[in-house]
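Please look over the sequence and model shown here, and then read the briefing that follows. It begins with one residue and moves on by topic.

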Amino acid sequence: MVRIFIMFVGFGFSVAGGISLLAYLNLLTLGYEFSYYMRFITTRVEFYLFILGVIMVVGSLAIPDRRK
């Protein structure tokens, strides 16, 4: 049950962070370079929220179940 909770919370984090990162892609249409975009998103909280969410989802799937 804890694994499912961690997976859902991680999924929510990764979706919230991923949508924000996609929204920031509009900077590229304004003429900014990709290197500036990468430097910009690494300073944002949404990037770390996305990474944390992906780690939580992968971790919840990789942890073996205690029940046998």
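In this predicted model, Glu46 is buried, with a relative accessible area of 19%, where buried means under 20% relative accessible area, exposed over 50%, and partly exposed in between (1.4 Å probe, protein chains only). Glu46 is found in helix 4, helices being DSSP runs (H or I) of at least four residues that are numbered from the N terminus. The model is predicted, with local features needing pLDDT of at least 70 and side-chain atom pairs counting only at pLDDT 80 or more, while totals for chains, interfaces and linings use all residues. Residues are numbered from 1 along each chain as its sequence is written, and side-chain values use heavy atoms, with hydrogens and water left out.

**Glu46 and its partners**
- Leaving aside residues up to four places away in sequence, Glu46 touches Gly17, Ser20 and Tyr24, a contact being heavy atoms within 4.5 Å.
- The structure holds 1 salt bridge, a term that stands for a side-chain nitrogen of Lys or Arg within 4 Å of a carboxyl oxygen of Asp or Glu.
- Glu46 forms a salt bridge with Arg44, and the closest N and O atoms are 3.7 Å apart.
- Arg44 is partly exposed, with a relative accessible area of 30%, whereas Glu46, at 19%, counts as buried.

**Helix 4**
- Helix 4 covers residues 45-62, has 18 residues and reaches 26 Å from its first C-alpha to its last, close to the 26 Å expected at 1.5 Å a residue; the expected span is 1.5 Å times one less than the number of residues.
- The buried residues of helix 4 are Glu46, Phe47, Gly53, Met56, Val57 and Ser60, and what covers them includes helix 1 (2-23) and helix 3.
- Leu61 also lies in helix 4, but at 54% relative accessibility Leu61 counts as exposed.
- Leu61 touches Arg3 and Met7, again not counting residues up to four places away in sequence, and the C-alpha atoms of Leu61 and Met7 are separated by 7.7 Å although these residues are 54 apart along the chain.

**Aromatic pairs**
- The structure holds 5 aromatic pairs, in which rings of Phe, Tyr and Trp (its six-membered ring) have centres within 6.5 Å, with planes under 30 degrees apart counted as stacked, over 60 as edge-to-face and the rest as tilted.
- The rings of Tyr32 and Tyr36 are stacked, because their centres are 4.8 Å apart and their planes lie at 20°.
- Both members are partly exposed, Tyr32 at 40% relative accessibility and Tyr36 with a relative accessible area of 32%.
- Phe34 and Tyr37 form a tilted pair, at 5.9 Å centre to centre and with 35° between the planes.
- Phe34 and Tyr37 are separated by about one helical turn, because they are 3 residues apart in helix 3 (residues 34-41); Tyr37 is buried, with a relative accessible area of 6%.
- Ring pairs link Tyr24, Tyr32, Tyr36 and Phe40 into a cluster.

**Loop residue Glu33**
- Glu33 lies in the loop between helix 2 (26-29) and helix 3, and Glu33 is exposed, with a relative accessible area of 55%.
- From C-alpha to C-alpha, Glu33 and Ser60 are 36 Å apart in space and 27 residues apart in sequence.

Terms used:
Helix = DSSP H or I, 4+ residues; strand = E, 2+ residues; numbered from the N terminus.
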